[in-house]
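I opened this entry to record what I looked up in one protein model, working from the overall fold down to single side chains.

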Amino acid sequence: KQKIKKDGGKFYKSVLAINLMNVSQCKVFLLSILRNYDNLHTNPLKTIQFIEKFTFQYSSVCSSPGNKIEKIYSKYAIEVDQAAKRGISEEKISGKIQKIFSLLREDLSNIRPSKEVFMECFSKIYFVNSPPKRMLMKYILGSINSELQNTSEYDINFDDVNIEHILPQRPEKDWGLTLDEIKPYVNLLGNLTLLDKRLNSKAQNYTIDKKIELLQDSNLEITKDFVRFLNECDNVWSDKEINERQDYFSKLAYDRVWNMPIN
């Protein structure tokens, strides 16, 4: 029980992420865990994190049918309720709950989108200027940042960072681009990074040569990674490079960031 409580912050972080995705089908199962929290006698964190990653892939990115997963979650929510209330030893309850969690992860994994479908859908992710969509985009960029830094030592406080359009939504004249020309790609994920609010306010609509000087001051790994990417592109930033970075994020997202090991 102490171990479960110790991981409460991580539990909350995953539930908050699911809430950002505005997906409701899994809530019946999450509620069953909360309802029986003290009687699980096993740590639910791995399963909650699995649901977060599955929900991002299946619902948030690929917009797959909700009726199929609703039945799965309802089935296992009932099983958790039944297992947690039986008058048996803590060890037996723990074993039953672990088995339920394992079967749930297996069922969800079996309907996970293929890599090809996921990457096709992920390649179309773009920025929308509304509070819920901005928070979801910060979640996506922040999750990529966490994977790139290879440690959970530094968690981003979303209140302290802004989403930066590398090619500005309204580029200054020296970019040599019109609003109509940049419309198909300026809001793509590949053109975005995260910046401390102080740096973001300085970046303005500068050309890439001026902006890179500010981006180099960032301590966020996703922005450091962009600087390296730009150097490899000889400091050229156009639709071609933006789409290449979008593809790079798509592969990274499926293989590493939202990877879903069953066990």
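**Ground rules.** I am working with a predicted model, in which local features need pLDDT of at least 70 and side-chain atom pairs count only at pLDDT 80 or more, while totals for chains, interfaces and linings use all residues. I number residues from 1 along each chain as its sequence is written, and side-chain values use heavy atoms, with hydrogens and water left out.

**Whole chain.** I looked up the secondary structure and found 13 helices and two strands, taken as DSSP runs numbered from the N terminus (helices H or I, at least four residues; strands E, at least two). The C-alpha trace spans about 75 × 35 × 30 Å along its principal axes. Of the 263 residues, 48% are buried, where buried means under 20% relative accessible area, exposed over 50%, and partly exposed in between (1.4 Å probe, protein chains only).

**Cores.** I then turned to the nonpolar cores, each a set of buried Ala, Val, Leu, Ile, Met, Phe, Trp, Tyr and Cys residues joined through side-chain atoms within 4.5 Å. The largest has 32 residues, of which Phe122, Ile140, Ile144 and Leu189 touch the most other members. Helix 8 (131-149) is among the elements that each supply at least two residues of this core, and helix 8 gives the most, with seven residues. For Phe122, I listed contacts (heavy atoms within 4.5 Å) beyond four places in sequence, and they include Phe56, Ile140, Leu189, Phe249 and Trp258. A second, separate core of 28 residues includes Tyr73, Ala77, Ile100 and Leu108.

**Helix 5.** Helix 5 (residues 66-85) reaches 29 Å from its first C-alpha to its last, close to the 28 Å expected at 1.5 Å a residue, the expected span being 1.5 Å times one less than the number of residues. Its buried residues are Ile69, Ile72, Tyr73, Tyr76, Ala77, Val80, Asp81, Ala83 and Ala84. They lie on the same side of helix 5 because they cover an arc of only 165 degrees around the axis, judged by the directions from the helix axis to the C-beta atoms. Asn67, Lys71 and Lys85 are exposed on the other side, and the cover over the buried residues includes helix 3 (27-35), helix 4 and helix 6 (90-110).
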